[in-house]
Amino acid sequence: MSSTPFAEPAKILITGAEGQIGRALVRLMAGDQDFVVIALSKRNLDITQPRQISDRLAEYLPDYVVNCAGFNRVDPAERDPERAFAVNAGGVEQLAVLCSELSIPLLHLSSDYVFDGHYASGYSETDEAAPLDVYGASKWQGEEAIRRQLPNHIILRVSWIFSESGTNFLLKTLEQARSEDTIRAVDDRRGCPTSAEDVARVLMAVLKQLINGAEAWGTYHYCGAEITTRYGFSEAILAAARQYEELKATSLVPVSSREMPEAAERPASSVLKCKKLLNTFGIRQRPWRSELQRLIRQLYERQGLEQPQARRVGARDGNQIT
Ligand SMILES: NC(=O)c1ccc[n+]([C@@H]2O[C@H](COP(=O)([O-])OP(=O)(O)OC[C@H]3O[C@@H](n4cnc5c(N)ncnc54)[C@H](OP(=O)(O)O)[C@@H]3O)[C@@H](O)[C@H]2O)c1
């Protein structure tokens, strides 16, 4: 069990290692001598396959598992609830059961979408979950399964993740801004953008304290500092990008979510209160604006924004993904 400090680096098995947060975590951990990283993409560990989970756990015998795997596509989840529940609930439950059998603590990522979004001032960990959509319901079921199966867990709820790879609002907005004159963005949904790298930093900081004996299992919230709307986030993205290139989009139009109907109903407020993480682990929220600036600069420095969605930077660069 993890309550005694490790003399050697802790062995961390990361699932979903090719996702936004998985990549960031693999990249950061690779440069830290406290950790040995086993990075498993979906190809090598599909969490809906119990046999694969037990084989990988037996093969690597990790000290901790960090589950970055998830069916994260909110609208497709409405059309394919079976798939969403198979990954986010069934797969997560299997992971928890098998970790429990081997006494391996599990760190898991969950979502602001477990809430109904009625609290404009934000949600704390003790607020009641009431998901509005299939994705949120599947994430909530996964959380509950972990709580039932494995006391030694950390569930970290995060929101509005952006990074330099994968599918996210930052890259979609940049792509649109390069191809369209006008961008419409919803201004009646509030939340806190959060960089994948910040989440990875939080996970590492939590892990280090667990390794050193912290007994602080439970559910926590983390998101970037400063509440905004999708419109406000778009504004910041466009302003940051215009420092580097002239964008085709010349106007950004605020619209209500009713004017931009989507398959899934989304919470009006996705704001997560993060006091518990600060009080327990001393981890403060970092401002998302500075992370946004850093990422945009990186995108331009590395290869410009010819095809932002097609870029694939991350865990494969310098780290092994099996
Ligand atoms: N992105 C957000 O805004 C956000 C907000 C709140 C919470 N979260 C949570 O944070 C976690 C990570 O999010 P993210 O943004 O890094 O997501 P992501 O980029 O979509 O990464 C998820 C990874 O999991 C993989 N995966 C899907 N099904 C799997 C399976 N059955 N077995 C193993 N791997 C599987 C995906 O592979 P494929 O792409 O090949 O399917 C992908 O590589 C998820 O649990 C998500 O629910 C994300």
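Hi everyone, a search of this whole structure turns up 23 salt bridges, a salt bridge being a side-chain nitrogen of Lys or Arg within 4 Å of a carboxyl oxygen of Asp or Glu. Please keep in mind that this is a predicted model, where local features need pLDDT of at least 70, side-chain atom pairs count only at pLDDT 80 or more, and totals for chains, interfaces and linings use all residues. Residues are numbered from 1 along each chain as its sequence is written, and side-chain values use heavy atoms, leaving out hydrogens and water.

Let's start with Glu-18 and Arg-43, whose side chains meet in a salt bridge at 3.3 Å, N to O. Glu-18 sits in the loop between β1 (10-15) and α1 (20-30), and Arg-43 in the loop between β2 (35-40) and α2 (50-60), so the pair ties together parts 25 residues apart in sequence. Helices (H or I, at least four residues) and strands (E, at least two) are DSSP runs, numbered from the N terminus.

Are these two buried or exposed? Arg-43 is exposed at 55% relative accessibility, while Glu-18 is partly exposed at 25%. Here buried means under 20% relative accessible area, exposed over 50%, and partly exposed in between (1.4 Å probe, protein chains only).

Now to a helix. Arg-294 and Glu-291 form a salt bridge at 2.8 Å, N to O, and both lie in α10 (residues 288-303), three residues apart, about one turn of the helix. Arg-294 is buried at 17%, and Glu-291 is buried at 2%.
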